[in-house]
Amino acid sequence: MSNYYQPDIETASREEIEKLQSERLVKAVKRVYEKVPIYRERMDEAGVKPEDIKGIEDLYKLPFTSKQDLRDTYPYGMFAVPMEEVARLHASSGTTGKQIVVGYTQNDLDIWGDIVARQLVAAGITKKDKVHVAYGYGLFTGGLGIAEGSRRLGCTSIPVSSGNTARQLTIMQDFLSDAIACTPSYAMYLGESAAKAGIDTSKLPLRAGIFGAEPWTEEMRKEIEKSLNIKAYDIYGLTEIMGPGVAYECSEQRGMHVNEDHFIIEILDPETHKPVPDGEKGEIVFTCLTKEAFPLIRFRTKDIGTVTHEKCACGRTFVRMSKPMGRIDDMLIIRGVNVFPSQIETVLLQMNLSPNYQIIVDRKGVLDTIEVQVEMTEDTFSDTISDISRYERELADRLKSVLGIAAKATFVSAGSIARSEGKAKRVIDRRNLV
Ligand code: DLL
C-alpha cells in the first residue's frame, strides 16, 4: 500500500507545484483585495494592484501581515466570507496580549482534514487504526484538527482531549489505541507515568505518535520513542494559518514537508525581509493559497527556521522545513545579550542531560540573572554532592561559552519540574518587564 494520502500532489514535480501555486496565488490576491479592507488599504499604500501579481515570482511585492493586524481587526475584520459561510471558529491567545480568532468554511475544514490525513498516512496510520487524540479540544486547534484528519482518512479517532493522565493510560490500554497525538512534553509525561504505573508499553498496540505545537528536541524524540515504544513524528502548524498540518514529517524524520499546494513558505532575513538561501535561518512567513474564510498573505510567524529543496528519500516533493529553532519574540535579552531558549536546549542535548528543564530569569538589583534548572536522570548521576556540583560546573561552563553570559546551572531531583498537559512552559521571567 502506498504511504501517501494524495500521491498525485505529494509527489508532483517542482514545476507542477509551482504552476499550481502561481495560479492559486493570483486568485487568492484578487479575492483578498476585493473582500478584506485591510489588504486593499495595504496594497494601495504599497502601490500594488492584484493585476501586478502574475505568479509566485511576484510574491515579494505584497505587504506582510502580522499578529498585530489580527488584533487590530479583532474579532472578524480579516474574514473574507460572510458569517453564514463560516462553519467553525478557533482562537489562540499566545504568550502575550489579546486572543485572536480565525474562521473556516466547510471547504476549509475539508482541506484541513486532507493535510492532516497526509500526516497520518505518512506516520503509517491506516483506516483500520485508532488514533488517540490527547491534544486539547476546544478553541485550540490541536484536538479538532487531528480529529478532522482522522475523519478524512477514515480511521477511528478517540477524542480523549488533554488531562487526567491515569484515564489516558486506561483508555490507551482498554481501547487499544494504535497512535497517539499530543504535545511532545505531554508524551514524555505519559511515558514516565506509564513506567511508574508498571505498564509495559511494548505489550500495547500503540506504534506511532504525532507530536507538535511546541519546540522539542531529538533527545526528547528518543525518550518518547523508548518509553512509549513508538515512532514519533513531528507536526507543525499555527492557528492563524490553519492549525496542525501546515507541515508534516515523513518516515525519514528529517524535516517537515510543507503542504505547498495550500501554503507558500518563505524564509526571510528578519531585518532586510529578503529571502535567505536553503539551509540558512530566517523568519518563517506563510501565504495561504486556498483558505476561504481567513486567508492570510505573507503572515510573519515570528518562528525561526530553515528550508531545504533537497530530494527526500520518501518520494515527497514538497519542500521541507526544519523544526522551528526558536521565536523572534521568545528571545530573552539578558544583560544586553540575546538569548534563545533553543540554545540552552541544544547544550542540554549535547551533554545528554534530561530534556526536562526550566529557565528562570530574574533581576537582582539592576542585574539580570539566568538560572537553568535541569532534572537529574538515574543513568547520568550518582548521589554524591561532589559529583552533582561537578556536573553543574560543567554545564555552567558550556552555557557561558554558548550564550556569551554567565548562567547558573542547578540540578534538581527527577520529576520535580512541573509537567504540562498542553504546551510546556520553559521560561519563567520574574523581572516584570512589561
Ligand atoms: O500549536 C497548532 C498545532 C497543534 C500544531 C497541534 C501542531 C500540533 P498555536 O497554538 O497557534 O497552534 O501555536 C503555534 O506553536 O508558531 C510555533 O511557535 C509552535 N509550534 C507549532 N508546532 C510546532 C512544532 C498550534 N512542531 C506556534 N515544533 C507556532 C515547534 C511548534 N514549535
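**Close-up 1. Helix α6 of the predicted model is mostly covered.** Of the 13 residues in α6, 10 are buried, and these are T141, G142, G143, G145, I146, A147, E148, G149, S150 and L153. Just after α6 comes G154, whose phi is positive, at about 95°.

**Close-up 2. Helices α10 and α11 pack against each other at an angle of about 135°.** Two packed helices are described by the angle between their axes together with the distance between those axes. Here α10 covers residues 341-350 and α11 covers residues 385-403, and their axes lie 10 Å apart. The angle makes α10 oblique to α11, since angles over 145 degrees would be needed for the pair to count as roughly antiparallel. The crossing of α10 and α11 is right-handed. On the α10 side the contact is made by Q343, I344, V347, L348 and Q350, and on the α11 side by L395, R398, L399, V402 and L403.

**Close-up 3. A cis peptide bond joins Y74 and P75.** Most peptide bonds are trans. At the bond between Y74 and P75, by contrast, omega is about 0°. The proline, P75, belongs to the loop that lies between α4 (67-72) and β1 (88-92).

**Close-up 4. A213 has a positive phi although it is not a glycine.** Most residues other than glycine have a negative phi, whereas the phi of A213 is about 85°. This alanine is found in the loop between strand β6 (208-212) and helix α9 (218-228). Is A213 buried, exposed or partly exposed? With a relative accessible area of 29%, A213 is partly exposed, because that class holds the values between the 20% limit for buried residues and the 50% limit for exposed ones.

**Close-up 5. Q253 is a residue other than glycine with a positive phi.** The phi value of Q253 is near 55°, and the residue is placed in the loop between strands β8 (243-249) and β9 (256-258).

How values were computed
Residues numbered from 1 in each chain as written. Predicted model: local features only at pLDDT ≥ 70, side-chain atom pairs only at ≥ 80, totals over all residues. Heavy atoms only, no water. Buried < 20%, exposed > 50% of the residue type's maximum accessible area, 1.4 Å probe, protein only. Helix = DSSP H or I, 4+ residues; strand = E, 2+ residues; numbered from the N terminus. Axes fitted to C-alpha atoms, helices over the stretch in contact; angles between N-to-C directions. Parallel < 35°, antiparallel > 145°, perpendicular 65-115°, else oblique. Left-handed = near helix turned anticlockwise from the far one by under 90°. Contact = heavy atoms within 4.5 Å.
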